[in-house]
Amino acid sequence: MQDITQFPNLGNTSDSYGDSSDPQLMDDDDKPGDQHSVFEALFKEDHDGLGEFPNGTACPYMGIRKFKNSTQSTEQTDKGEEKVSCVSHKPTENDCKQAAKEYDIHKKSLQCVQPKTDLCSIEETWRASPESELTIHCDLSPCKGRPVSVTGIHPLEGIVDKEKEEYTFKGADALESFLAHFIIVNTLRRFSFCFLRCKTGHKKYVSQILTFPPLLEIENSEFLPSEKEQSLINVNVVVLDSVSRAHFYRSLPKAVNTLRQIVYNDSINATALDFELLQSSAPYTFHNIRAFMSGKSDFNYIEHSNGTYQIGVLFKKLKNQGYYTLLQEDSCWFDEWGSLFTNNVFQNKTPRNVEEFQSRWSRFQDIVNSYNVDDYGLSHSSCDVFKQYNVTNQFNRPRRICFGGKVYSEHFLDYSLSVFQGYIDSGRRQPIFAYTHLSPGHEVTGTRIRQIDDALSGYLYSIAHEEDTLTIVFSDHGPKTTKYSFQTMEGRGEIYDSLLFAIVPEKVSNILGLRRVRAMVTNQNRLLTTLDLHNTLMSIGDSERSTSGSYSREGIFSEIPPNRTCADLSIKPSAVCKCEGWDQRFPDNDPQFIFLAEFALGFLNNNIQRNFLTTPNITGGFGKCQRLVGQRFEKIRRRKVDENYLLTMDLVVLPRNEIFEVQLNYPAGISTGKRNYFQG
């Protein structure tokens, strides 16, 4: 475990939301100390210039604070406090070299070819109502005299329907006048953008997503915050789908450097925290984001095919606290795998005609309208953007996704910033909760995530200046479809190696108070899941919660127990725990486990046979399947659970070297065999 900056022991104090910005700090003897801000008390050592960022090895330094030599153990303090049970696993030099090779770290990432060109812009940064007057400026010179088309999302079909709603203009004045009306109409339809496009040559276009100023109004006075609740912080959440903590540090050097600048740059009144032990519960989005949204994480509770994210649980709570809510994601709503809004449940097929689009869109609207979301951002732009690549999702291709000369993800980050800028410029007290889910990392090469490095770096720098805003950046899981994740144990572990950063401005730290912020500092080295993040957000503004705090109610705003291990979490049984030594590792093809590999292989073949015998209208042998032949078994790991062993390993079988991850539970006292029935 890396040695982070040591913070002073500040003793005990109580605090609550809405406390004064200069809380009275207490020393170890409970005597009044000097008047300091929470921020200065906790983070003043970040600017002393001591320490360094190590380099020169195959493994990148995974930390945003300088490494300091210290004789104090990272597992147990010199005051005799309870030992921290979970120490994070660290890769070897060979692991890092192999990862760098597999992910082409030393090659330049693919960038967008077309230049960034905006045809129109809007001066205002917010609106009080859909009819608010806007100042629109258009410059059509890049179009070289060719017409500009304006399209939006059809309200009954959910897609761009050019035959019904495409408007063209050659003059800037006419376009500006039209847009003033078009923006009102589309705002009332609950869309936050439109598309502008003109042709500039053979297969060359200038394209723009023109975003509308956010509509910052309080529709229901019942939810107006009380005087005390007016100090509620803004909360900004960005989820990077399929990006492990290790992959973040190796693939996004500019974003990492920006986080370090936030810590050490005196001109930025904020700091950044790196929670090194966010444990992914499962190798897919559903259970991790479901726990974040709903607070439910029991694997026995519900299957994904029948389950929902229950987005409304979190959003309703925050909406009732008076928050303006934004939820945006870069998935196409009618893709066969659905979207966050439709719980990513497989939808079998995409619509084929207008009638099917209308029917599916109507059902989609019925679902999302119950979520307590004020603003869907650029969510509904995804289908049309992906259409230019002849896909409806970005899970495997294309290698890069651009629109208007920008990496597509950058548009979402820009819109997120515009909402917070509008909040400042409007002078309103209504707090903002923004959730942005981005999936450029969800693909088979593991390299596309590098394309967002510039955009994410600029975004983190900008959002750190939003003094009322706590920003949380996390991932649901790491890369799971890459060769590295399939073929190596280290890559398999990265699937469960989620990342979590928090950007805490000085003003936010003083509103949260000493106890909560100090708990966040401590929890950088405590084992967490997205369930803890759910509890954190649900605790905001809850005046009934005890000032003493409890992590089961306040998440990372209260200290997580130092003895927490993966046994205390609701995670998939075959999950790779981030804690070093959680399980025992064995060499590939270890002879003592041959009998278990043979048993698992027989179980698979028996299921194939049973499926053939019980499925009607299948003729000939095993139908389209043949018996699996064992080639090797690898990535063997075992842990003891009560009086049994739980063994997990990969079976590599013929034909085609298919990989099956299997798990077996057997008595700890059973004798192991040495017979080798496996081929190879």
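Me: Are Glu554 and Arg515 buried or exposed?

Reply: Burial is judged by relative accessible area, with under 20% counting as buried. In this predicted model, both Glu554 and Arg515 are buried. The two residues form a salt bridge, their closest N and O atoms being 3.0 Å apart.

Me: With which other arginine does Glu554 form a salt bridge?

Reply: Glu554 also pairs with Arg516, where the closest N and O atoms are 3.4 Å apart. This pair, too, links distant parts of the chain, with Glu554 in helix H17 and Arg516 in helix H15, 38 residues apart. The relative accessible area of Glu554 is 1%, so Glu554 is buried. Arg516 has a relative accessibility of 3% and therefore counts as buried.

Me: What are the accessibilities of Asp468 and Lys507?

Reply: Each partner is to be judged separately. Asp468 has 16% relative accessibility and so counts as buried, whereas Lys507, with a relative accessible area of 35%, is partly exposed. The value for Lys507 lies between the cut-offs of 20% and 50%. Asp468 and Lys507 form a salt bridge in which the closest N and O atoms are 2.7 Å apart. Asp468 lies in the loop between H11 and strand E15 (469-474), and Lys507 in helix H14 (residues 506-512), so this pair ties together parts that are 39 residues apart in sequence.

Me: How many salt bridges does a search of the whole structure find?

Reply: The search finds 27 salt bridges.

Me: Let us turn to helix packing. At what angle do the axes of H10 and H11 cross?

Reply: One considers the approach of the axes and the angle between them. The axes of helix H10 (residues 408-426) and helix H11 (residues 453-463) come within 10 Å and cross at roughly 10°. Angles under 35 degrees count as roughly parallel, and H10 and H11 are therefore roughly parallel to each other. H10 contributes Glu410, Leu413, Ser416, Leu417 and Phe420 to the contact, and H11 contributes Ala455, Leu456, Tyr459, Ser462 and Ile463.

Me: Which residue classes make up the contact of H10 with H11?

Reply: The contact comprises seven nonpolar, two polar and one charged residues.

Technical notes: Residues are numbered from 1 along each chain as its sequence is written. This is a predicted model: local features need pLDDT of at least 70, side-chain atom pairs count only at pLDDT 80 or more; totals for chains, interfaces and linings use all residues. Side-chain values use heavy atoms; hydrogens and water are left out. Axes are lines fitted to C-alpha atoms, for helices over the stretch in contact, and angles run from 0 to 180 degrees between N-to-C directions. Helices (H or I, at least four residues) and strands (E, at least two) are DSSP runs, numbered from the N terminus. Angles under 35 degrees count as roughly parallel, over 145 as roughly antiparallel, 65 to 115 as roughly perpendicular and the rest as oblique. Contact means heavy atoms within 4.5 Å. Ala, Val, Leu, Ile, Met, Phe, Trp, Tyr, Cys and Pro count as nonpolar, Asp, Glu, Lys and Arg as charged, and the others, Gly among them, as polar. A salt bridge is a side-chain nitrogen of Lys or Arg within 4 Å of a carboxyl oxygen of Asp or Glu. Buried means under 20% relative accessible area, exposed over 50%, partly exposed in between (1.4 Å probe, protein chains only).
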